[in-house]
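Take a walk through this model with the sequence at hand. We start with the whole chain and then turn to single residues.

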Amino acid sequence: MGFLAAASALPAAEKDKWKGYTDLFPNRSMDQWEVIGDGYWRMMRDGTLVGERELRKTGPDAKWIENYNLYKSWRDIQSWLYTKRNDFGQFDLHLEYWLRNAGNSGVSLRDTSRAQYAVVAPVDYKKTPSKIGYEIQINNNYPDKYPTGSIYTFVGAKVGVQIDDDWNAMDIESRNDLIRVSINGQVVAKHPGDPARSKTGPIGLQLHDQYSVAMFRNVRIREIKG
């Protein structure tokens, strides 16, 4: 039985932990979200959100393998799942994630472009969500200098906190003058943000490339008023 289904059986202390939080997938529905790009996102019966690509439809043929640039252009196309709401500002966001080994994903904040430049070939790396808003990195042994919890391009995260190849918890505090990230209860990165960037925007979940598989659960938000 998943966390959401078992919520009524939780002890009082655990219920208090989620006081003020709203489930971003109420009743395991994806109605409040929009798929950007060709990702295949679905909700499993236990409340786990699964994102992957349908490679049988989009995979490279033999001639692409001989042309590395064409192959890379296809491989690096991203997909995202974005909230339909565009006005999230100050909030605490909780989620739990799992990635396949050598997997890469992320959480987008305040990206007013809604990843439109990341889901095309070739990807416009000057206009990806991390360049317009912020991306909180999720990385399971992927060859990237930014480990899980990093505020991508701004600050790297403390390492040794994530449990590779397993479920982990991420908490993001989004404030007008602060973004702070915790993994499994430990603060791993913080940054005041770029004053030139938007203070509000949607929230997104990433499939980094055509080989991405990512799972999320218990995606909850507590909005901060004032």
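Predicted model: local features only at pLDDT ≥ 70, side-chain atom pairs only at ≥ 80, totals over all residues.

Now the overall build. The chain has 5 helices and 13 strands. It holds 226 residues, and 46% of them count as buried. Take the contacts with a separation of 6 or more: residues 24 or more positions apart account for 71% of these.

Next, the backbone. Most residues other than glycine have a negative phi, and most peptide bonds are trans. Some places here depart from that pattern. The loop between strand 7 (103-109) and helix 5 (129-132) contains Pro122. The peptide bond from Ala121 to Pro122 is cis, and its omega is near -5°. Arg110 is found in the loop between strand 7 and helix 5 too. Arg110 is not a glycine, yet its phi is positive, at about 60°. Is Arg110 buried or exposed? Its relative accessible area is 3%, so Arg110 is buried. Asp165 sits in another setting, the loop between strand 8 (134-140) and strand 9 (168-175). Asp165 also has a positive phi, near 60°. Asp165 is partly exposed, because its relative accessible area of 44% falls between the cut-offs of 20% and 50%.

Turn to the aromatic rings. A pair of rings is described by the distance of the centres and the angle of the planes. The count comes to 10 aromatic pairs. One of them joins Tyr68 and Tyr71: the centres are 6.2 Å apart and the planes meet at 50°, so the pair is tilted. Why are these two tyrosines about one helical turn apart? Because they are 3 residues apart in helix 4 (residues 68-75). Tyr68 is partly exposed at 46% relative accessible area, whereas Tyr71 counts as buried at 18%.

Phe88 and Phe91 form an edge-to-face pair, with 6.3 Å from centre to centre and 80° between the planes. Phe88 is buried, with a relative accessible area of 3%. Phe91 counts as buried at 1%.

Rings also join into a group. Tyr68, Tyr71, Trp74 and Tyr211 are linked by ring pairs into a cluster.

Last, look at charges over rings. The charged end of Lys127 sits over the ring of Tyr117, 4.8 Å from the ring centre. The charged end of Arg197 sits over the ring of Tyr134, 5.6 Å from the ring centre.

Key: Residues numbered from 1 in each chain as written. Heavy atoms only, no water. Helix = DSSP H or I, 4+ residues; strand = E, 2+ residues; numbered from the N terminus. Buried < 20%, exposed > 50% of the residue type's maximum accessible area, 1.4 Å probe, protein only. Contact = heavy atoms within 4.5 Å. Phe/Tyr/Trp six-rings, centres within 6.5 Å; stacked < 30°, edge-to-face > 60°. Lys NZ or Arg CZ within 6 Å of the ring centre and 35° of its normal.
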